[in-house]
Amino acid sequence: LVDIEMPRMDGYELTRNVRADKRLHAVPIIMITSRTAEKHRQYAFELGVNHYLGKPYQEDELLRLIAQHVREQRQP
């Protein structure tokens, strides 16, 4: 779970680093942010974000997405 606005490293940079690392590239990334403009959303997906949620987000949706990724990781 990342936000665009974070201290030291923003969510875009974190996503770029995760996707560039062979050990981490498959880790799912859910971005939760107050920046809901289409340009921010599109850029996040271009970098490899799996899901993009605007604030305020629905807790049920976030929990469903996390559960979905956990199930996918458990499948052989």
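Is R35 buried, partly exposed or exposed? R35 counts as partly exposed, at 30% relative accessibility (buried is under 20% relative accessible area, exposed over 50%, partly exposed in between; 1.4 Å probe, protein chains only).

The model is predicted: local features need pLDDT of at least 70, side-chain atom pairs count only at pLDDT 80 or more, and totals for chains, interfaces and linings use all residues. Residues are numbered from 1 along each chain as its sequence is written, and side-chain values use heavy atoms, without hydrogens and water.

**View 1. R35 and E5 form a salt bridge.** The N to O distance is 3.0 Å (a salt bridge is a side-chain nitrogen of Lys or Arg within 4 Å of a carboxyl oxygen of Asp or Glu). R35 sits in the loop between β1 (30-33) and α2, E5 in the segment before α1, 30 residues apart. Helices (H or I, at least four residues) and strands (E, at least two) are DSSP runs, numbered from the N terminus. E5 is partly exposed, at 48%.

**View 2. K55 and D3 form a salt bridge.** N and O lie 3.0 Å apart. The pair links distant parts of the chain, 52 residues apart. K55 lies in the loop between β2 (51-54) and α3 (59-74). K55 is partly exposed at 42%, whereas D3 is buried at 17%.

**View 3. D21 and R23 form a salt bridge.** Their closest N and O atoms are 2.8 Å apart. R23 is exposed, at 72% relative accessibility. The count by this rule is 3 salt bridges.
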